[in-house]
Amino acid sequence: MRHIISILIENEAGALSRVAGLFSARGYNIESLTVAPTEDPSLSRMTILTSGSDDVLEQITKQLNKLVDVVKVVDLSEAAHVERELMLIKVRATGKDREEMKRMADIFRGRIIDVTESTYVIELTGASTKLDSFIAGLDAGLILETVRTGVCGIGRGDRILKV
Amino acid sequence: MMISGAEIVVRCLQEEKVDCVFGYPGGSVLHIYDALFKQDQVTHILVRHEQAAVHAADAYSRSSQRVGVALVTSGPGVTNTVTGIATAYMDSIPMVVLCGQVPTQYIGQDAFQECDTVGITRPCVKHNFLVKDVKDLALTIKKAFHIAATGRPGPVVVDIPKDITAQMCEFEYPKSIQMRSYNPVVKGHLGQIKKAVQMLQEAKRPIIYTGGGVILSDAADKLTQLARKLDFPVTNTLMGLGGYPATDRQFVGMLGMHGTFEANNAMHYADVILAVGARFDDRVIGNPEHFGTEKRRVIHIDIDPSSISKRVKVDVPIVGNVADVLDEMLKLLDGGCKTDPEVADWWKQIDEWRGRKSLAYRQTNHIMPQYVVEKLYEVTGGDAFITSDVGQHQMFAAQYYKFDQPRRWINSGGLGTMGVGLPYGMGVLMANPGAQVACVTGEGSIQMCIQEMSTCKQYGLPVKIINLNNGMLGMVRQWQEMFYSKRYSQSYVTSLPDFVKLAEAYGHVGMRIEKPEDVEPALRKAFTEHKDDLVFMDFIIDPGANVFPMVAAGKGLTEMILAEEL
C-alpha cells in the first residue's frame, strides 16, 4: 500500500539524515522525500512517500516518533488529503514537435518556463499519476531531462499538522 | 563569571552529581582534562582502551540507578567507543558519552584525528549532539542526561570541538528542561490497565514474562507483589534476571533459546501472557510462526510503543513506565483478587514439566562449568554482582546463578558483545564500592579486553575473574558440533597465555584449578583471603560441555534439545 507520511521535525543539522538513516537501517522503503522549513523556521516539514503493509506502516510511524528531533508524525493517506508534485521537464522542441510540445503542455495545464531554439522547459504540477501520464504521453526520445520534487501533501479541512 | 567551555563541561558533570567518569585523554579533550585536574568532585578512571571506558560506564549504570559517563578524544577515541555505545543501545542503558572533536574550523577538512562522530554513532545512540556554540554547551549536556535517563533509556553522545572548550562563557545550569519534540509517556492508559486486570483474572493458564524493562524502571518489588497476589508463574528473559527472585517457588526460570523446559512450555501453552518490559526477541520466542500456532491473549506493558506488536500481535497494549503501570494494576487488584480456579491445574502441569529437571547435568572427571557457577553461587551467598561475557559461560551463569535481586546480573544481552565482562566488573565496583563482583568469562572473551587488568591494578578494583577455560570458543564449537557435522572451523584456541602468570605480571593473584574438588576451596580463598585482590581463576573445564536446553535457530520454543535425563 502507498502511504504519505508527514513529519514535523526540528530544523537542525542532521535531522534529515536521522530520518533517512532510520529508513535504511530498518529496511523501509522511501519512494520520495521532500523537506523544507515551515512558516516557523525552527521546524521543517518532511513528506515521505513510502509503501508497506499495515504492520510495517505502524512500525514506521512508531519508529519516527521515537526520533528525538521529531515533533509530530501523521499518515496523510489515512484520511482526506490533497497531494501535489512538481516536475520540470526539458524536451526537444524542433520542427513539428515544437507545436506538439506546446499543445501537450496546454492539455496538462503545464507552463513553458524556458525556451530556446531547440528546447522547452515545461513546469507541471499535480498528483504524481498526472506527471506519470504526461511522461507516458511524450515520445521518450524527445525527453532530455526530468526533475521531480517528490510528493508533498496536506490534510483537507480541519486536519492540521501543527505544534 | 565567565568560565571556559572545558570548565563548563566539568561543572555540568558536578551538577548532575556524577562522581566518576571513565575515559582516556587525547588532543581534542586536553582542555577538559585540565579542568578535571583542577577539581576533586569527579573522579576519573583511566582505562587502557576506550571501548572499556564505555563498557565500564554502561555497567556503572546497570548496577546503580545513575547515568554512567565516558569521556574520550576525537577520531580513534570515538571509533573505539562504538562497540560499547551499540552494546548499551541494544540493552537500553542510560549513558552519556562526551567526545572531543577537532576545532570547529577544521571540521570536514580531514584534520588529524577527525571523524564524523555524529554520523558514525547515529544508528546506535538514542540521540547525539554536535555542540557548535559554547553558549549551547550547558543546555546540550543537560539535554543529554535528560534524554539518556527518561523514556526508554539509552546512550547519548555529545561531540565537543576543541575550540568550544577553550572559549569563555557565563555558566548557568538549567534546572529543568522542556523539549517540544521529546515527551515520553509515563502513565499507562487506565482503561487498558483495567482491561488487562480483568483478562488476568479470567486466565486459566497464565504466565508473567518479564524483561529488562522491569530492572530499568526499578519495578522488581512491584512485579513480585503482583505475581504473589495472582499466584502466577513468572519467567524472566536474559535481560530480566533478578526482576523476580529466582529462588521463589513461582519462578520457572529463564525462557528462550537456553531457557528451562518448564519456562518455554509454560510460555508456549499459556492462554494469557502478561509481558512486562520485554520485547518478544528472536532469542526468546524462537520461530514466530511456531509461536503463533497456539491461541492466546497477550498483554504487553512497555514504555516504547515501537516494541509493542513488533514481532507478536498484542491484544492489550499498555504504553507506560513499567513501575507506574504495575502500581495501577496492584491498586485495581486490591479490591480483591479472584484468580480462576483452573490455575491450580496449570500449576500441576508446570510442576510436571519441572520434573524433567532440564538443568541437570552429568559430572565427569573434569570440572563442569555448571558446577563452577553453582559453587560460585554458594560461596558468594547468592549476593554477588555477576558480570559475564558472551558465549557458553554466559548461559551457564544465567542458568545456574540464582539472582534474587535486580541489577546483580550484568551482561550484554542484545548486542552480545564479547569482552564486556572485565570492564563491566570495573563499572560495577565504581558504583558499588566494596561489593563482591565476579566476572564469569571464557578464555576467548576475556582476551578481548584483558588489558583492563592494568586499570584494575591502578584503582584497586578486586574483580574475581572466573575463567571457564575449555580452550574452545565454546558456543561456536557447540553449534559446529550440532549443525556443522563437527567441522570445528576456527573455534579452537591454541597458544593460550598462561593466565596465572599473566595475572601476576599485571600485579594480581592468579590461580589455576584443574580438579572438581579444588573448585570450592579456590573460590572460598578468592573471596576471603584475597577479598581485596583481583583474582584470576583459570578453571580448566570439560571441553565437551554444552548448554542445554537449546532451541535451535528457526525452531519453535517447545522443540527443545534437552540434555540426557538423569
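Hi everyone, let's start with the order of elements: going along the sequence, chain A reads β-α-β-β-α-β-β-α-β-β-α-β-β. That gives 4 helices and 9 strands in chain A. Please keep in mind that this is a predicted model.

Now, which part of chain A carries an annotation? An unreviewed UniProt entry gives "domain: ACT" for residues 4–78 of chain A. Within the model, that span is 32% helix and 37% strand, and its end C-alpha atoms sit 9 Å from each other.

Next, the overall dimensions. Taken along the principal axes, the C-alpha atoms of chain A occupy a box of roughly 55 × 35 × 35 Å. Chain A has 163 residues, and 42% of them count as buried. If you take the contacts in chain A between residues at least 6 apart in sequence, 72% of those join residues at least 24 apart.

What about the surface? Chain A exposes about 8,500 Å², with 53% of that coming from carbon and sulfur atoms. As for charge, chain A has 21 positive and 24 negative charges, and their mean positions lie 2 Å apart.

Let me finish with one residue in chain B. Where is B:Asn365? You'll find B:Asn365 in the loop that runs between helix H16 (343–354) and helix H17 (369–379) of chain B. Is B:Asn365 buried or exposed? B:Asn365 counts as exposed because its relative accessible area is 74%, and the cut-off for exposed is over 50%. From B:Asn365 to B:Ile207 it is 158 residues in sequence and 39 Å in space, C-alpha to C-alpha.

Conventions. Residues numbered from 1 in each chain as written. Chains lettered and ligands numbered in written order. Predicted model: local features only at pLDDT ≥ 70, side-chain atom pairs only at ≥ 80, totals over all residues. Heavy atoms only, no water. UniProt positions renumbered as here; feature names shortened; annotations may be inferred. Helix = DSSP H or I, 4+ residues; strand = E, 2+ residues; numbered from the N terminus. Buried < 20%, exposed > 50% of the residue type's maximum accessible area, 1.4 Å probe, protein only. Contact = heavy atoms within 4.5 Å. Areas by Shrake-Rupley, 256 points an atom, 1.4 Å probe, with all protein chains shown as cover. Lys, Arg positive; Asp, Glu negative; His and termini not counted. Charge placed at Lys NZ, Arg CZ, Asp CG, Glu CD.
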